[in-house]
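Trainee: I would like to learn how to read pockets, sheets and cores in a model. Where do we begin?

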Amino acid sequence: MSQISNRLLSLSESATLAMTQKSRELQAQGLDIINLSIGEPDFNTPEHIKQAAIKAIENNQTHYPPVPGYPELRKAICARMKNSLGLEYTPDQVIVSAGGKHSLVNIILATINKDDEVILPAPYWVTYTEQVKLAEGKPVIVNTDINSNFKMSAAQLEQAITPRTRMLILCSPSNPTGSMYTHEELTALAAVLARHPQIIVLSDEIYDMISYGQKHVSMAQIDGMKDRVVVANGVSKGYAMTGWRMGYVCAPLDIAKACNKLQGQMTSGISSITQAASIAALTQSDEPSRQMTAEFKRRRDIVKSLLDAIPGIEVNMPEGAFYFFPKVTAFIGKKFGDKVIANSSDLAMYLLTEGHVATVAGSAFGAEGYIRLSYATSEEKLREAIKRIAAALAALK
Ligand code: PLP
């Protein structure tokens, strides 16, 4: 008999981490692999943020912090919500956790009962389905494609709702597609939700600072929605702080209190040093973040034109985050030697082993026929990687 719980046996390994692992193995064998499977900025944390952490250590800010985060940090988060989205939250509606991922699982565990249905527009970020399963909820997938710019329509949402639906998870700007919902699109979804008051929205806004023109809109800003929306965010992507592990939620008070209770029994408050660094990130100049976003935009434009030039690839223009999600169905069913490329997973593996470029199969995000490419790497590497991808694809018969 297995010693491992059924809860854990039903969980999948992270596909993105698996790809990173495989490419590390090939690198260890001496192969020159370009890694476009990564989900983190290739920039270092800005200096003033690091200095705030060093100061916290020197000042012995090393004792147990409050479970939901220092009041100063939660106040800074409230100020950010007010300044960037015009939304009023009180510090007791804010819970700071060990990364965006931890914030999301807190909310899901705090609100989802066994067999509750959670609507996930696909392509979705790999972790959502697994966290819902951990809470014994049921992911209900709504498929979108490149023709709708990977966005779910109000009609699709309406069709997916049942009496058991309890939550909708939205991610805008999106990992893996870079798409962003507009105010009008969110308003149309909200009109459907108005008829189903039992549904709350978990709005993952971790890429909100990385958008290229279109203004980020939160579902919490849509009329009548704020009391039904939990906003999840963090400092990982916008401030290049993935290793610090800081995420937060802004939630209706009862949900925030439930997260606080859960976190009080699981992890307690997050690292005091990280909190000091996060206060600096949120209250001091955003200029380094703006510069990073400008650089991502420059690379996005380069990669878009390079991908457009590859016959058979179909690609949309991402509005935010740092990923492309090209459609690659033209290559599925083709052969390399006598090996058939049967799906996106085979294609990603072929691009890694023959083209020496690591990508992630669309199937990992619930969307067969696509692959995800991250452009959080240098222009030089991006140009070389796309050249290799083009050559590898051209070799398929
Ligand atoms: N949400 C999305 C859509 C992400 O892509 C990620 C990270 O890859 C996260 C949440 C989690 O961020 P963190 O590293 O802060 O846990």
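Mentor: With a definition: a pocket is an open set of grid points with protein on both sides within 12 Å along at least five of seven lines, and its lining residues have an atom within 4 Å of a point. Note that this model is predicted.

Trainee: Which helix gives the most to the lining of the largest pocket?

Mentor: That is α2, with 7 residues. Helices α2 (15–28), α5 (100–111) and α6 (126–134) each supply at least two lining residues. The space in this pocket comes to about 750 Å³. Its lining has 31 residues, and Leu 17, Gly 39, Glu 40, Lys 101 and Lys 237 are the closest to the centre.

Trainee: In what order do the strands of the open sheet run?

Mentor: The 7 strands follow the order β2-β8-β7-β6-β5-β3-β4, with mixed pairing. At the edges, β2 (94–97) and β4 (138–143) each have a single partner strand, so one side of each lacks a neighbour in the sheet. From one strand to the next, the twist averages 20 degrees.

Trainee: How many bridges join β6 and β7?

Mentor: There are 4, in the parallel sense, between β6 (residues 200–204) and β7 (residues 229–234). Leu 202 has Val 230 in β7 as its bridge partner. Helix α4 (residues 71–85) lies across β2, β7 and β8 (247–250), at about 115 degrees to β2.

Trainee: And the cores?

Mentor: In soluble globular proteins, nonpolar side chains tend to be buried together. Here the largest nonpolar core has 51 residues; Leu 168 is among those that touch the most other members. Beyond its sequence neighbours within four places, Leu 168 contacts residues including Met 152, Leu 157 and Leu 202. A second, separate core of 36 residues includes Ile 313 and Phe 322.

How values were computed: Residues numbered from 1 in each chain as written. Predicted model: local features only at pLDDT ≥ 70, side-chain atom pairs only at ≥ 80, totals over all residues. Heavy atoms only, no water. Core = buried A, V, L, I, M, F, W, Y, C linked by side-chain atoms within 4.5 Å. Buried < 20%, exposed > 50% of the residue type's maximum accessible area, 1.4 Å probe, protein only. Contact = heavy atoms within 4.5 Å. Pairing = 2+ DSSP bridges. Axes fitted to C-alpha atoms, helices over the stretch in contact; angles between N-to-C directions. 1 Å grid on protein atoms, 1.4 Å probe; cavity = no way out; pocket = protein on both sides within 12 Å on 5 of 7 lines; lining within 4 Å. Points joined across faces, edges and corners; volume = space filled by probe spheres on them.
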